[in-house]
Amino acid sequence: MTEVKETPLKKVMIIVAKANIEDVYAGLIMANGAVMEGIEAKLFFTFFGLDAITKKQMNKLHTATVGNPGMRMPNGWAFPTLLGAIPGVEAGVSAMMKKQMDELDVPPVDEFLDMITAGGGEIYACKMAADMFKLTKDDLCEHVKAIITVGDLYAMSGGDGTQIIFT
Amino acid sequence: MAEKTFAGKTVEVTAEGYLVNKSDWSKEVAAEMAKEDGIDLTDKHYEVLDYLREQEASGASLTIRKVGKSGIVDIKGLYELFPGGPLKLSSKYAGISKPASCV
């Protein structure tokens with residue numbers, strides 16, 4: 001019989017490239033969960049994911065009510081795309097989602113970043129995306145350690161038991 | 001289930017070291033459990049453990065966010081008290097169940 005040797009996970013590099021509530025929170029929950037388990041975590045925000053660490057946008061994230069097949073009415077019916085297109089509907093649905101998460105003790109984005117960094121997690125922004133959106137370090141929240149290149153990201157990803165996760 | 005002896009008392013623990021019978025808990029048991037992980041419990045640690053025990057008794061689900069807002073210790077301080085497992089280790093030493101929350 002072959003012996004299966006498990007190597008414990010020691011470090012996760014989590015990449016967030018989208019600004020939807022669910023995409024951002026998937027990354028935040030995984031990073032926070034990692035540091036809570038004693039696993040090193042580094043979050044790398046790129047493209048629209050930069051909204052999550054941009055002071056002006058970070059606490060105003062939305063979920064998509066148009067073109068989102070997982071979206072349902074409270075009674076379980078499919079959410080009509082045309083309804084999702086009405087002004088204010090997306091904001092209302094997003095507010096409801098945040099309220100439901102708050103009931104589960106899932107904090108707003110800025111507080112979540114506080115929690116992750118308090119546990120030793122690190123937050124980085126992608127240089128190319130920041131240049132593209134004309135964002136500087138001053139536009140980003142204080143949790144951001146640095147604006148780095150993809151090469152820097154890979155350089156940080158060394159070591160046994162490291163995984164790169166793209167949400 | 002495994003058995004362990006803490007403070008001269010044989011107790012039943014889960015595979016991950018959590019007490020099976022909450023009534024087995026005492027401050028001395030907590031201290032010896034922590035010592036196994038290389039942590040010496042201070043008064044501040046015990047304040048956190050007491051808080052967790054109260055919360056669990058009241059039926060609340062526990063998260064580090066809640067502990068951070070308890071006024072006992074902030075989240076950074078909680079990580080310093082229980083390195084590598086702020087909620088997991090503190091729950092273990094508090095003699096309560098393994099945390100079932102993702103935050």
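User: Hi! Which residues are buried in α2(B)?
Analyst: Hi! In this predicted model, B:H45, B:V48, B:L49 and B:L52 are buried in α2(B).

User: Why do they end up on the same side of α2(B)?
Analyst: Around the axis they cover an arc of only 100°, which puts them on the same side of α2(B). Here is the general idea: an α-helix has 3.6 residues a turn, so residues three or four places apart point the same way.

User: Nice. What do those buried residues pack against?
Analyst: The buried residues of α2(B) pack against α1 (27–36), α3, α4 and α5 (88–93) of chain B.

User: And which exposed residues are on the face turned away?
Analyst: That face of α2(B) carries B:D43, B:E54 and B:A57, which are exposed.

User: Switching topic: how many residues of chain B are in contact with chain A?
Analyst: There are 13 residues of chain B in contact with 13 residues of chain A. Elements giving two or more residues to that side of chain B are α3 (64–68) and α4 (75–81) of chain B.

User: What classes are the residues on that side of chain B?
Analyst: Seven are nonpolar, three are polar and three are charged.

User: Now chain A. What is the strand order in its open sheet?
Analyst: The five strands run β4-β3-β2-β1-β5 in chain A, with parallel pairing. At the edges are β4 (144–148) and β5 (162–166) of chain A, each pairing on one side only.

User: Which strands does helix α1 of chain A lie across?
Analyst: Helix α1 (residues 21–36) of chain A lies across β1, β2 (40–45) and β5 of chain A, at about 165° to β1(A).

Methods: Residues numbered from 1 in each chain as written. Chains lettered and ligands numbered in written order. Predicted model: local features only at pLDDT ≥ 70, side-chain atom pairs only at ≥ 80, totals over all residues. Contact = placed C-beta atoms within 7 Å. Helix = DSSP H or I, 4+ residues; strand = E, 2+ residues; numbered from the N terminus. Nonpolar A, V, L, I, M, F, W, Y, C, P; charged D, E, K, R; others polar. Buried ≥ 20, exposed ≤ 12 C-beta atoms within 10 Å, placed from the backbone. Arc of directions from axis to C-beta. Pairing = 2+ DSSP bridges. Axes fitted to C-alpha atoms, helices over the stretch in contact; angles between N-to-C directions.
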